[in-house]
Amino acid sequence: MLATASPHLHAAAHRLSLAAPARLPLRRPLRYPSLRLRASAAAEAAPSAKEGAEALGFEEMAARTTRRYYMLGGKGGVGKTSCAASLAVRFANSGHPTLVVSTDPAHSLSDSFAQDLTGGALAPVEGTDSPLFALEINPEKSREEFRTINQKNGGTGVKDFMDGMGLGILAEQLGELKLGELLDTPPPGLDEAIAISKVIQFLEAPEYSMFSRIVFDTAPTGHTLRLLSLPDFLDASIGKILKLRSKIASATSAIKSVFGQEVQQQDAANKLEQLRERMVKVRELFRDTESTEFIIVTIPTVMAISESARLHSSLQKESVPVRRLIVNQVLPPSSSDCKFCAIKRKDQTRALDMIKSDPELMGLNIMQAPLVDMEIRGVPALKFLGDIVWK
C-alpha cells in the first residue's frame, strides 16, 4: 500500500516540485460496481493478445528485478495515456513500485486516474497494492529553461549567449550551426527531451531508487520522431561550439580574467556541456535494449496502422527497441451487428489484416484491447483495462 512508501520519497516529492502550488485534495478514483462482470466478459470476447512474434506476456515484463523503462507512443487520440496508466497500475499491483510520467504537452494523466496530479511534483496515486506515483512535467517550462540558459541582466538571444561564451565577436560567423534557431526558437522535441532528461536526473537520486518500473506517456508520433533525431543534432552543434571555444580560450583567457569575465564564460560553457550530456543520456536510454522498451499504440484504421508502420521504421533506424504493438478500440465479437457496426467491423478487419502483412509490424507481438462501453477513468477502470491488455 502507499503507506509502505519510504518517508524519504514523500519528502523528496516536495523537493521535486517545479512550482509548488497549493495542492488540491486527492480525489477518490471513480468506482464502477460492475467492473468485475465487464472485465470477465471483455476478456472472453477480446481477440488473442499474442500473434505473430514469440509470446511476450506481462509475466516477462514484470519478472526482471532491475529497473525497466517503458515508453508508450503513437498517433494522437489512440489511447496512449489509458494504456500507459493501465500498465503502471498493473505493475504496481504486481509488487513493483512504479512511476508514471507524462511528457505530452496536453496532459491527461489526471483525467485518466481521476485524481489531481498537476503541479510538476510527484503525486501518489491511490488504490494500488504497491506505491504508484505520477508526474506531469510541463514541457513548456523546460523550453523556457533552455531559452534562458544564459540570460544576463534580463537579456536573451544568441548575442548574450555568445558573449557569455567569450565568442561574441564570432556570433555572426556561426550561422551554419543554426545557433539562433537553437537558442531563440528551440527545435521541436527539445522540450520533451529536456523533460525526459529531468526524470532521469531525479531517478539517479538515492531517494528514488525504490522505483523499479518507470512508464512514460509520450507525445504524439511527430514529437517522438523529432525527439529521436534531436540528441544527435544537439551533440554535433554544441560540440562544435565547445570545440571552437576551446581553441581560442588559451589565447584570450589572460585578457578575460583581467576584466572578470572568465568565470562567467566558464559557467556558460559548463551549462552547455551539461545540456549536451543530458541529451546524450536521453539518446542512450532510448537505445538501451536491456532497460528500455518502446511500445507502439494504435487503433484499427488504415491511417493509424500506416503511421504506426512509419513510426516503427524510424525507431528501428534509431536503434530503439520495439517488441510490442497495442491495437486499441477493437470491436469485440458479436452474433448480430447493426449496419454501422458491420461496416465498422469490416474496416477494422481490413486494418488488422494490414498488420499481419506489413513488413514493419508483422514481427511485433500484437496485443489487442477491445472497445468498451464505458470511459476508462480511475484506478478500478484502469485495472480492468490492464487485466485485458497486459496478460
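This dialogue discusses how to read several features of a predicted model.

Reader: Which residues have the most contacts inside the largest nonpolar core?

Author: A nonpolar core is a set of buried Ala, Val, Leu, Ile, Met, Phe, Trp, Tyr and Cys residues joined through side-chain atoms within 4.5 Å. Buried means under 20% relative accessible area, exposed over 50%, and partly exposed in between (1.4 Å probe, protein chains only). Here the largest core has 45 residues, and Leu 99, Phe 286 and Phe 294 have the most contacts inside it. Its largest share, seven residues, comes from helix α9 (residues 190–204). Another core, of 40 residues, lies apart from it and includes Phe 58 and Val 215.

Reader: Why is helix α4 described as largely enclosed by the rest of the structure?

Author: Helices are DSSP runs (H or I, at least four residues), numbered from the N terminus. Helix α4 is largely enclosed because eleven of its 14 residues are buried, among them Lys 80, Cys 83 and Phe 91. After α4 comes Gly 95, with a positive phi near 95°.

Reader: Is Arg 350 buried or exposed?

Author: Arg 350, in helix α13 (residues 339–357), is exposed, with a relative accessible area of 52%.

Key: Residues are numbered from 1 along each chain as its sequence is written. This is a predicted model: local features need pLDDT of at least 70, side-chain atom pairs count only at pLDDT 80 or more; totals for chains, interfaces and linings use all residues. Side-chain values use heavy atoms; hydrogens and water are left out. Helices (H or I, at least four residues) and strands (E, at least two) are DSSP runs, numbered from the N terminus.
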